[in-house]
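Let's take a walk through this structure together, one element at a time. Have the viewer open and follow along.

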Amino acid sequence: MQEIKENLIQHIKTQFKEATEKVYDGNRLDFTVDKQCIPSILTYLKDRLGYIHLSHIACVDWLEEGKFEIIFIVWSPEEKMKVFIRTKIDRDNAVMPNIDMIWRQANTYEREMREMFGIEFIGLEAPDEFLLEDWEGPPPMRRDFDTEAYAQETFWHRPGREDALDVREEIIKRSREEIPDFAKKYSR
Amino acid sequence: MINDKNSQKIVDIIQNWSRKHSIWVLAYGTGCGAIEIPPTMTSRYDAERLGVRGAATPRQADVLLITGYLTTKTLKRVIRVYEQMQDPKYVIGFGSCTINGGMYYDSYNTIKLLDRYLPVDVYINGCMPRPEAVLAGFGKLQKLIAEGKATGATKYKENIEWYKENQKKVITNWVMPDYNW
């Protein structure tokens, strides 16, 4: 396992000088690269090193840093190794290179990220709508989208009962149970 | 003769009695609650002994079971299905999501109050309601039908403008017929 990892790091480092690696226990290895390198590093992994399976594409919203982190997870069935390729892009100008010519199924992930995070993929050919129908608000998975406030103003809500009673105390009154000490601090 | 008040009453009683014993449910599951329907229908709880059974199309069905949360996307289809159903028709709201949003109270694309969009005759609460609760709900509906109190469809017809206005508030792109009969 260690041998495979060192070998892989060496391969990647010679091709992509700016890539920084992070080694994890088990069959996992992380590389952080620039967004321009993404198509070439994925093609290299797929065609030369046998990482033929795209497991997942994930997006993380780092609101405080003003960045989106996009993570590609690829898997090699021969070496039994997972490789994470990470990249950070600007949150305000979220543009990514398109990789659906490398793996066709990446198209679905990219459509979802476009809809949920508002990331633009250059040259992505797909209909505008994916899961949300007639959506007019901001991309809903961004962390600065306040979903509760949006729901409050878009939908009706049933008001709660005015005599909102503490369920625990009411049950005790009816059945004359003892309330355990640890539960008392949760009472209203 | 048939316009006579008393004979109409007798006709109503016979009609309601027969309607009550043949509740056909449209096989249309919206949320996670649809998973409780197979055990209700099959041998253990056997809803068919009460006359409750599945129907293949909206036009053959009497009851529309809303099993769980409704996204705005699904609501569009549900309204379309409801409008296709023929009288007599009833709606059962199933699970706490249809009552007050349940665990999706802060979701950006699920409606919280079903009875603003469709006339609900019976609510079954719980998350999820067990098959016993579902059967109790059907029992309640049968009771209402026998008493002639399950008048959701009439209410819908009388207040169609109010319902349409509410529906169009969440369905911004209305690409189906107006159903304004």
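Start with helix 2 (residues 38-47) of chain A, which lies across strand 4 and strand 5 of chain A and runs at about 175° to strand 5 of chain A. Keep in mind as you look that this is a predicted model. Another helix to find is helix 3 (residues 106-117) of chain A, lying across strand 3 and strand 4 of chain A. Its direction makes an angle of about 10° with strand 3 of chain A.

Which order do the strands take in the open sheet of chain A? The five strands are arranged 1-2-5-4-3, and the pairing is mixed. At the edges sit strand 1 (20-23) and strand 3 of chain A, each of which pairs on one side only. On average, neighbouring strands of this sheet are turned by 20° against each other, direction ignored. As a reminder, strands of a sheet pair through backbone hydrogen bonds, either parallel or antiparallel.

Let's follow the chain through part of that sheet. Strand 3 (residues 53-62) of chain A is joined to strand 4 (residues 67-76) of chain A by nine bridges, and this pair is antiparallel. To see one of the pairings, pick A:Leu54, whose bridge partner in strand 4 of chain A is A:Val74.

Moving on from strand 4 of chain A, you reach strand 5 (residues 81-90) of chain A. How many bridges join these two strands? There are ten, and the strands run antiparallel. A:Lys67 has A:Asp90 of strand 5 of chain A as its bridge partner, while A:Glu69 is partnered by A:Lys88 of strand 5 of chain A. Here too there is a hairpin with four residues between the strands, and A:Lys80 takes a positive phi near 55° in it.

Along the principal axes, the C-alpha atoms of chain B fill a box of roughly 55 × 40 × 25 Å.

Within chain B, find helix 1 (residues 5-20) and helix 5 (residues 131-147), whose axes come within 8 Å and cross at roughly 165°. Because of that angle, helix 1 of chain B is roughly antiparallel to helix 5 of chain B. The crossing is right-handed. From helix 1 of chain B, the contact is made by B:Asn16, B:Trp17, B:Arg19 and B:Lys20, and from helix 5 of chain B by B:Gln142, B:Ile145 and B:Ala146. By class, the residues of this contact are three nonpolar, two polar and two charged.

Finally, bring both chains into view. Where they meet, 14 residues of chain B are in contact with 13 residues of chain A. The side of chain B that touches chain A is made up of four nonpolar, six polar and four charged residues.

Methods: Residues numbered from 1 in each chain as written. Chains lettered and ligands numbered in written order. Predicted model: local features only at pLDDT ≥ 70, side-chain atom pairs only at ≥ 80, totals over all residues. Axes fitted to C-alpha atoms, helices over the stretch in contact; angles between N-to-C directions. Parallel < 35°, antiparallel > 145°, perpendicular 65-115°, else oblique. Left-handed = near helix turned anticlockwise from the far one by under 90°. Contact = placed C-beta atoms within 7 Å. Nonpolar A, V, L, I, M, F, W, Y, C, P; charged D, E, K, R; others polar. Pairing = 2+ DSSP bridges.
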